[in-house]
Amino acid sequence: MRKPRIGICCLLRKTFDYQTAFEIYKDRVNEIIKDDSVTYINYDEMVIEPEEAKKCATYFIDQHVDAVILVSGTFHLGHLALIIDDLVKKPVLLWGFNELPYDGGKIRLNSVCGVNLNASNLYKGGNDTYCVTIGDKLDLDWVKAIKMKVALNNANLGIVGYRAQGFFNVGVDELHLYKELGVLISHFELNDIFSQPVTEIEIGKEIEFVRRTFDCKKLNDDQVNLVAKLVVSSEKFMRKNNLDVVAIRCWPEFAKTYGISPCAMMSILQSRGLLLACEGDVEAALSMIACRAAGEDTPFMADLSQVNLEENYALLWHDGVAPCNLWDGICNRSLETYFAGGKGVTADFVLKSGAMSIFRIDTARNKTRVYYEEGEAVPMEKLLSGTYAKVYFKRNIKDILDTVTYSGVAHHVIMGYCQYEKAVKYLARIQGWDIIDENYKG
């Protein structure tokens with residue numbers, strides 16, 4: 001995943017304590033560049049006059065920045081932010097410092113007013129994507145949103161087969177996605193996975209892993225062998241084609257053609273950091289990319305499967321594809337064959353407890369939206385097949401169900417154990433996307 005390149009500069013005016021402001025700015029930069037998950041492009045000269053803003057913008061363009069942080073070290077000319085925004089044409093964060101103690105009754109920075117000036121100018125000039133933060137620390141949620149955007153813009157996404165039978169709601173307009181994100185989808189057939197050359201040594205190594213990780217007593221030796229072979233061939237397929245994520249048409253043909261469904265393979269490979277979405281759901285696959293960039297190590301696809309309105313919880317479930325490393329460590333982690341007429345070979349276990357979230361990028365009626373909720377996964381007994389978690393959300397489950405159904409959100413969400421609500425809001429603003437919540441009107 002490519003590191004974001006974020007430009008940062010300091011806007012100043014000599015009628016304020018600009019020298020002190022620039023020293024504060026340099027100290028802040030020295031702190032933030034310690035984050036090696038981002039390449040910060042520091043413009044180390046003061047930006048005071050319009051010509052200096054043009055010079056700064058040219059530098060950022062030459063450095064191919066993905067976004068720009070405009071620091072109002074002090075109040076300053078309104079030209080500066082407008083010039084940089086117009087020339088660089090990248091997402092902008094307006095950052096203002098807390099005011100310094102007064103010096104003889106004179107305001108020393110007036111930084112917040114500078115941010116207000118820039119925000120008003122940008123808004124009235126037609127920019128609806130700028131973001132604002134005030135304080136002594138950089139807003140890392142905005143940085144996280146830029147990571148999500150850069151990851152989405154640079155995603156190499158493949159679809160294997162097509163969407164699942166009858167799942168019209170997960171189909172996508174590929175050129176709309178290209179317009180929104182610059183994503184071009186690569187198309188493959190199921191045989192492109194099956195035909196990958198594998199060795200007996202590679203299969204044998206994976207058989208050992210499968211039997212060590214799962215209770216396989218309900219499988220025969222041929223099924224264990226097929227799981228192991230599919231793990232090897234699928235990983236080779238993804239790496240050969242340099243795919244960041246794949247959406248697989250995992251039924252109805254997969255089990256019939258290959259002999260088992262891919263669920264167990266997906267559980268294993270996702271535990272190793274690969275990203276795979278079920279049922280040909282491209283936007284679920286894209287959502288995985290965004291989740292990973294937001295800090296989720298092993299995002300996975302789930303359904304809002306069951307709701308208990310009286311006890312106010314939901315079951316996040318799917319046919320046994322969750323990463324096997326997310327097992328609760330208590331129940332019997334097994335492989336089952338209940339699905340696809342005994343050819344399912346799904347992972348079966350209860351997911352671990354803890355703070356969690358669900359997220360989805362979702363397009364409807366030519367509008368791309370984002371959906372996000374937070375909650376807590378709690379312990380439960382292993383009562384059914386598949387992979388699942390019992391979740392109490394921060395919002396009432398009836399309200400969540402109303403939000404999902406009345407806004408037409410697809411029935412797949414991406415679940416993980418990282419929470420990043422503010423970053424999602426920033427991403428939506430930067431992209432010009434709607435946020436689906438209790439106030440969403442469509």
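**Loops and backbone**

Q: Where does P252 lie?

A: P252 lies in the loop between β8 (245–248) and α10 (253–258). Helices (H or I, at least four residues) and strands (E, at least two) are DSSP runs, numbered from the N terminus. This is a predicted model: local features need pLDDT of at least 70, side-chain atom pairs count only at pLDDT 80 or more, and totals for chains, interfaces and linings use all residues. Residues are numbered from 1 along each chain as its sequence is written, and side-chain values use heavy atoms, with hydrogens and water left out.

Q: Is the peptide bond from W251 to P252 cis or trans?

A: The W251 to P252 bond is cis. Its omega is near 5°.

Q: Which residue other than glycine has a positive phi of about 60°?

A: That is E279. E279 sits in the loop between β9 and α12. The residue is buried, at 6% relative accessible area. Buried means under 20% relative accessible area, exposed over 50%, and partly exposed in between (1.4 Å probe, protein chains only).

Q: And what is phi at N366?

A: Phi of N366 is near 65°, a positive value in a residue other than glycine. N366 is in the loop between β14 and β15 (367–378). Its relative accessibility is 64%, so N366 counts as exposed.

Q: Why flag these backbone values at all?

A: Because most residues other than glycine have a negative phi, and most peptide bonds are trans.

Q: OK, overall layout. How many helices and strands?

A: The protein has 14 helices and 18 strands. Its C-alpha trace spans about 80 × 50 × 40 Å along the principal axes.

Q: How does the radius of gyration look for 442 residues?

A: The protein has 25 Å. A compact globule of 442 residues would be near 22 Å, so the value agrees. The radius is taken over C-alpha atoms, and the globule rule is 2.2 Å times the number of residues to the power 0.38.

Q: How much of the protein is buried?

A: Of the 442 residues, 56% count as buried. Take contacts (heavy atoms within 4.5 Å). Among those with a separation of 6 or more, 76% are between residues 24 or more positions apart.

Q: Salt bridges next. How many does the structure hold?

A: It holds 26 salt bridges. A salt bridge here is a side-chain nitrogen of Lys or Arg within 4 Å of a carboxyl oxygen of Asp or Glu. Side chains of opposite charge can pair when their charged atoms come close.

Q: What does D281 pair with?

A: D281 forms a salt bridge with R360. The closest N and O atoms are 2.9 Å apart. D281 lies in the loop between β9 (275–277) and α12 (282–293), and R360 in strand β14 (residues 354–364), so the pair ties together parts 79 residues apart in sequence.

Q: Is D281 buried or exposed?

A: Buried, with a relative accessible area of 0% for D281. R360 is buried too, at 1%. Salt bridges with shared partners join D281, R360, D362 and R369 into one network.

Q: What about D139 and K422?

A: Their side chains meet in a salt bridge (2.9 Å, N to O). The pair links distant parts of the chain, 283 residues apart. D139 is in the loop between β5 (131–134) and α5 (140–153), and K422 is in helix α14 (residues 421–431). D139 counts as buried at 8% relative accessibility, while K422 is partly exposed at 41%.

Q: Which helix holds E51 and K54?

A: Both lie in helix α2 (residues 50–62), three residues apart, about one turn of the helix. E51 is exposed at 55% relative accessible area. K54 is partly exposed at 37%.

Q: Switching to helices. How many residues of α11 are buried?

A: Eight of its nine, so helix α11 (residues 263–271) is mostly covered. Among the buried ones are C263, M265 and L269. After α11 comes G273, with a positive phi near 100°.

Q: Last one. How do α8 and α9 cross?

A: The axes of α8 (residues 200–213) and α9 (residues 221–240) come within 8 Å and cross at roughly 115°. By class, their contact has eight nonpolar, one polar and six charged residues. Axes are lines fitted to C-alpha atoms, for helices over the stretch in contact, with angles running from 0 to 180 degrees between N-to-C directions. Ala, Val, Leu, Ile, Met, Phe, Trp, Tyr, Cys and Pro count as nonpolar, Asp, Glu, Lys and Arg as charged, and the others, Gly among them, as polar.
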